[in-house]
Amino acid sequence: MTSLTPEQYKQKMQRRKEVQEQRVSQAALEKGLVIVNTGNGKGKTTAALGMVMRSLGHGYRVAIVQFIKGAWEPAEKAVFTKWGEQISFHALGEGFTWETQDRDRDIQKVYEAWNLALSYIRNPEFKLVLLDEVNVSLKLGYLKLEDLLTGLEEKPEDSHVILTGRGAPPELIERADLVTEMKMIKHPFREQDVRAQPGIEY
């Protein structure tokens, strides 16, 4: 509980406002960002999809390429089809590695997804490209890190690329402009044996 008087509080907030306004006035640069959502916690894709929604709301064209995922029809795909040609959505994986059990085919599918993603990254008509679970492809060795880093250099200066998934390598984190690590504190699957539920996990 604060012990400030109303007048002291007002002065404190006025100083904070001045500092914030100065920071905002100094941040004049605008550029396309490389954004990484990683970590063991839930919410990496969900946060990225929030940015997708913002971009769509501004009228920008968006592409989503899902790596690894794809053995089921994600609910977000049903939602985004309502945006028509403004969004391109591709779920190109065949499921988790313990389900597919075919490393060579997994690598082939990842590179099919990567080549498609690269065509969107290079295309200046797309303001935002989401590479969902691509970090997992890197971690498993299905996609070469040097291929990914080289591809990121081909994006137009004003477009954004979001890369999600656990285990983002240090080189990608170093290259990125914005990195968020999701930390798991509790999860109902682990603590309570609660299965994945529609609207929450998919």
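Leu128 stands opposite His160 in β5. That is where I want to start, in a predicted model. Local features here need pLDDT of at least 70, side-chain atom pairs count only at pLDDT 80 or more, and totals for chains, interfaces and linings use all residues. Residues are numbered from 1 along each chain as its sequence is written, and side-chain values use heavy atoms, with hydrogens and water left out.

Stay with these strands. β4 covers residues 126–132 and β5 covers residues 160–164. They run parallel, joined by 4 bridges. Val129 has Val161 as its bridge partner in β5. Two strands pair, by the way, if DSSP finds at least two bridges between them. Strands are DSSP runs of E, at least two residues; helices are runs of H or I, at least four; both are numbered from the N terminus.

Is β4 mostly covered or mostly open? Mostly covered: 7 of its 7 residues are buried. Buried means under 20% relative accessible area, exposed means over 50%, and partly exposed is in between, with a 1.4 Å probe and protein chains only.

Contact means heavy atoms within 4.5 Å.

α5 also has a helix partner. The axes of α5 (residues 103–122) and α7 (residues 145–152) come within 10 Å and cross at roughly 15 degrees. The two are therefore roughly parallel. The cut-offs: under 35 degrees is roughly parallel, over 145 roughly antiparallel, 65 to 115 roughly perpendicular, and the rest oblique. Which residues meet? From α5, Tyr111, Trp114, Leu118 and Ile121. From α7, Asp147, Leu148 and Gly151. By class, that contact has 5 nonpolar, 1 polar and 1 charged residues.

One more stop in α5: Asp106. At 9% relative accessibility, Asp106 counts as buried. The C-alpha atoms of Asp106 and Tyr142 are separated by 7.2 Å, yet these residues are 36 apart along the chain.

Then Glu133, in the loop between β4 and α6 (134–139). Glu133 has a positive phi, near 70 degrees. Most residues other than glycine have a negative phi. Glu133 also counts as buried, at 16% relative accessibility.

Last, the totals. The protein has 9 helices and 6 strands. Of its 202 residues, 37% are buried. Among contacts with a separation of 6 or more, 78% are between residues 24 or more positions apart.

How values were computed: Axes fitted to C-alpha atoms, helices over the stretch in contact; angles between N-to-C directions. Nonpolar A, V, L, I, M, F, W, Y, C, P; charged D, E, K, R; others polar.
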